[in-house]
Amino acid sequence: MDMKIPRATAKRLPMYYRYLSGLHNAKVKRISSSTFADAVQVDSATIRRDLSYFGALGKRGYGYDVDDLLDFFKKILNQDHLTNAALVGLGNLGQALLHFNFHKDSNVRISAAFDIHDNMINTVQSGVPVYDVNDLEKQLSEQQIEVVILTVPTGVAQKICDQAIAGGAKGIMNFTSKRLSAPKNVRVQNVDLTNELQTLIYFIEHYDN
């Protein structure tokens with residue numbers, strides 16, 4: 001997205017896109033903001049405010065045209081072309097992500113994987129070639145991959161991050177507990193599964209709804 005919008009809004013856009021994709025597949029032609037809100041569990045005022053950043057996308061008394069809104073989101077979320085990503089670290093979590101791969105449900109595909117173990121290097125796992133992690137910088141540059149997923153031990157996370165950035169990475173999805181240092185032009189998205197689970201348990205125990 002080239003336009004500057006609130007971070008909270010940006011985080012909700014992929015959710016909106018997935019819901020609209022489902023409506024499109026079900027051949028639904030239009031949707032009201034209230035029905036939209038019930039489905040994605042975001043209040044209708046927030047949805048209208050989020051969409052208002054992009055202009056007049058709906059009509060009062062009519063709602064939103066599903067196909068028009070879906071086409072719009074495809075453009076701003078770059079869903080109209082495939083994005084290749086690299087996965088570094090083929091432990092249990094890395095193997096699970098590689099087996100799942102994202103292109104089945106989105107426009108992202110893991111196209112290269114990296115590991116340190118000889119029994120993995122120069123093999124093909126779940127249809128994805130596996131390279132020596134020492135070749136990370138070279139392969140990212142040659143394959144023009146700008147998105148990297150890290151599922152490596154915490155102790156080497158920063159080193160791998162630095163190598164990825166040197167290879168041209170612009171976005172790092174970090175599944176380690178290490179908070180990484182990166183230049184301002186590189187986006188780091190931290191995914192702490194333990195923290196997310198603890199947050200979920202806290203809300204279950206302290207809130208009724």
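What covers the buried residues of helix α3? The cover includes α1 (7-25), α2 (33-40), β2 (64-65) and α4 (66-76). Helices (H or I, at least four residues) and strands (E, at least two) are DSSP runs, numbered from the N terminus.

This is a predicted model, in which local features need pLDDT of at least 70, side-chain atom pairs count only at pLDDT 80 or more, and totals for chains, interfaces and linings use all residues. Residues are numbered from 1 along each chain as its sequence is written, and side-chain values use heavy atoms, with hydrogens and water left out.

**Helix α3 and its surroundings**

Helix α3 spans residues 44-52, and its buried residues are Thr 46, Ile 47, Asp 50 and Leu 51. Buried here means under 20% relative accessible area, exposed means over 50%, and partly exposed is in between (1.4 Å probe, protein chains only). Looking down the axis of α3, you will find the buried residues within an arc of 125°, so they line one face of the helix. That arc is taken from the directions from the helix axis to the C-beta atoms.

Contact means heavy atoms within 4.5 Å.

**Two nonpolar cores**

A nonpolar core is a set of buried Ala, Val, Leu, Ile, Met, Phe, Trp, Tyr and Cys residues joined through side-chain atoms within 4.5 Å. The largest has 22 residues, and those touching the most other members are Leu 13, Tyr 16, Leu 20, Phe 36, Ile 47 and Phe 73. Helices α1, α2, α3 and α4 each supply at least two residues of this core, and α1 gives the most, with six. There is also a second, separate core of 20 residues, including Ala 86, Leu 136, Leu 140 and Val 186.

Phe 72 belongs to helix α4 and is partly exposed, at 21% relative accessible area.

**Salt bridges**

Side chains of opposite charge can pair when their charged atoms come close. A salt bridge is a side-chain nitrogen of Lys or Arg within 4 Å of a carboxyl oxygen of Asp or Glu, and the structure holds three.

| Pair | Closest N and O atoms |
|---|---|
| Arg 12 and Asp 50 | 2.7 Å |
| Lys 29 and Asp 67 | 3.7 Å |
| Lys 138 and Glu 142 | 3.2 Å |

Arg 12 in helix α1 and Asp 50 in helix α3 are 38 residues apart, so this pair links distant parts of the chain. Asp 50 is buried, with a relative accessible area of 0%.

Lys 29, in the loop between α1 and β1 (30-31), pairs with Asp 67 in helix α4, again linking distant parts of the chain. Lys 29 is exposed at 55% relative accessible area, while Asp 67 is partly exposed at 24%.

Lys 138 and Glu 142 both lie in helix α6 (residues 136-143), four residues apart, about one turn of the helix. Lys 138 is partly exposed at 46%, and Glu 142 is exposed at 52%.
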